Amino acid sequence: MSQITLYGYWRSSAAYRVRIALNLKGLDYQQQSIHLVKHGGEQHSAMFKTLNPSELVPVLVDGNVRLNQSLAIIDYLDEQYPEVLLVPKDKDTRYVVKALAQDIAVDIHPLNNLRVLQYLSSKGNFSEEMKNQWYQYWVETGFQSLEKKLEQTSGRYCVGDCVSLVDACLIPQVYNAERFNVDLTSFPTIHEVTRSLRDIQAFSCAAPEQQPDAIIPQ
């Protein structure tokens, strides 16, 4: 097996998803920190732009394979290391999982990504309070519809009682929502699924504060 390297950042939601997937599959991997704030953002460095001209994390390198985009990376990991699947083979469940994962990763997350928040501050003249309100509004809007969908699909986890790609997307988004003081009491299904998932070692070990490049406020 080739050495797997994950270029990411401890608080990156997308890198967090991939860490969860790698942990669930029991794969050994090396982490290479790309600090998204220090030195103006290391994602803008010449070195990193050769890996990903989009200047975004994560990037996964596995032998001769180099991929960005967390959902594509996890698709690759499912195909290359299928002993544990995050997207089930059963067609009736497979596309439910993919659609719910995209509800989070495609609809909710991009509106509160770091570069969007930085733009609001630097170009949009948003105060810290206004920026937080932006964040809270779009997460709450996304969670309102997600909650209704999970009421129909969830068991112990987002889709039944098997951990899936949706769960790997949900936990990082909930982590960010908590950071920005989003009131989650209106989303009881999301809350209960989150509690169950955080008891799983693959998720707890992937948490931002557990990463080697984590900076914990004093």
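The model is predicted, so local features need pLDDT of at least 70 and side-chain atom pairs count only at pLDDT 80 or more, while totals for chains, interfaces and linings use all residues. Residues are numbered from 1 along each chain as its sequence is written, and side-chain values use heavy atoms, with hydrogens and water left out.

- Leaving out residues up to four places away in sequence, L146 touches L100, I104, L170 and I190, where contact means heavy atoms within 4.5 Å.

**Largest pocket**

- A pocket here is an open set of points on a 1 Å grid over the protein atoms alone, where a 1.4 Å probe fits, with protein on both sides within 12 Å along at least five of seven lines; lining residues have an atom within 4 Å of a point.
- The largest pocket has a volume of about 870 Å³, that is, the space filled by probe spheres set on the points, which are joined across faces, edges and corners.
- Its lining has 38 residues, with L36, H109, N113, L114 and R115 nearest the centre.
- Two or more lining residues come from each of α1 (13–24), α3 (70–80), α4 (91–108), α5 (114–122), α6 (128–153) and α7.
- Among these, α5 gives the most, with 5 residues.

**Cysteines**

- There are 0 disulfides, a disulfide being a pair of cysteine sulfur atoms within 2.5 Å.
- C158 is in no disulfide, and the nearest cysteine sulfur, that of C169, is 9.0 Å away.
- The sulfur of C162 is too far for a bond, because the closest cysteine sulfur, in C158, is 12 Å away.
- C158 is buried at 0% relative accessible area, whereas C162 is exposed at 57%; buried means under 20%, exposed over 50% and partly exposed in between, with a 1.4 Å probe and protein chains only.

**A buried asparagine**

- N52 sits in the loop between α2 (46–51) and β3 (59–62), and it is buried at 3% relative accessibility.
- Apart from neighbours within four places in sequence, N52 is in contact with V59 and N68.

Conventions. Helix = DSSP H or I, 4+ residues; strand = E, 2+ residues; numbered from the N terminus.
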